[in-house]
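My notes follow the structure.

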Amino acid sequence: MKFKSLFAIAISLLTINISIAANNANEICLTRNCKLIIDAGSSGSRAHLYAYDKDENNTPINIDELYVNKATPGVSNVDYRSIGLYLDNVMQKVPVQNLEVYFFATAGMRLLPEEEQQSLYGNILQWFGEHP
């Protein structure tokens with residue numbers, strides 16, 4: 001019974017910390033560099049928001065993850081005509097707008113025929129063009 005209570009408390013604290021980080025992300029990104037990395041894997045896509053500083057050589061330092069959101073299934077399992085809804089789901093809770101975004105599709109996309117890959121990539125590019 002004690003374990004369940006401690007687990008519930010830990011989950012509550014984690015939820016609070018994530019909410020605080022998401023709420024502060026806009027403020028943080030006003031004073032630090034921020035980028036959104038989308039890892040579109042075979043089992044799901046994860047959107048990671050990072051804040052960082054740069055050293056004298058313009059190299060990122062002090063990297064902090066501010067936010068993460070996961071959507072399933074993997075992007076390679078989404079019909080190219082539905083990719084907009086899928087990306088809406090991945091991006092809907094990102095707490096900062098107008099970010100530089102890096103989108104990486106991995107193993108699952110390599111398994112698709114070239115024509116399907118190109119259709120998905122084309123619709124992904126179009127979606128990001130319409131959602132600056």
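The entries below go from confidence to the sheet and then to the helices.

**Ground rules.** I am reading a predicted model, in which local features need pLDDT of at least 70, side-chain atom pairs count only at pLDDT 80 or more, and totals for chains, interfaces and linings use all residues. Residues are numbered from 1 along each chain as its sequence is written, and side-chain values use heavy atoms, with hydrogens and water left out.

**Confidence.** I looked up pLDDT, the predictor's confidence in each residue, from 0 to 100. The mean for the protein is 81, and 83% of its residues reach 70 or more. Over residues 1-20 the pLDDT is below 50, and this stretch has zero contacts in the model beyond near neighbours in sequence (contact means heavy atoms within 4.5 Å). Where pLDDT is low, the predicted coordinates should not be read in detail.

**Sheet.** I took helices (H or I, at least four residues) and strands (E, at least two) as DSSP runs, numbered from the N terminus. Two strands pair if DSSP finds at least two bridges between them. In what order do the four strands of the open sheet lie? I read β3-β2-β1-β4, with mixed pairing. β3 (60-71) and β4 (100-105) are at the edges with a single partner strand each, so one side of each has no neighbour in the sheet. From one strand to the next, the twist averages 20 degrees.

**β2 and its partners.** β1 and β2 pair in the antiparallel sense over eight bridges, and a hairpin joins them through four residues. Ile38 stands opposite Ala47 in β2. On to β3: β2 (residues 45-54) pairs with β3 in the antiparallel sense over nine bridges. I noted that Leu49 has Tyr67 in β3 as its bridge partner, and that Ser45 stands opposite Ala71. The hairpin of β2 and β3 has five residues between the strands, and Asn58 there takes a positive phi near 70 degrees.

I then checked burial: buried means under 20% relative accessible area, exposed over 50%, partly exposed in between (1.4 Å probe, protein chains only). Seven of the ten residues of β2 are buried.

**Helix α4.** I looked up which residues of α4 (residues 114-130) are buried, and found Gln117, Leu120, Ile124, Trp127 and Phe128. They cover an arc of only 95 degrees around the axis, which puts them on the same side of α4 (the arc is that of the directions from the helix axis to the C-beta atoms). On the other side, Glu114, Glu115, Leu125, Gly129 and Glu130 are exposed. The cover over the buried residues includes β1, α2, β4 and α3 (107-110).

Conventions. Axes are lines fitted to C-alpha atoms, for helices over the stretch in contact, and angles run from 0 to 180 degrees between N-to-C directions. The expected span of a helix is 1.5 Å times one less than its number of residues.
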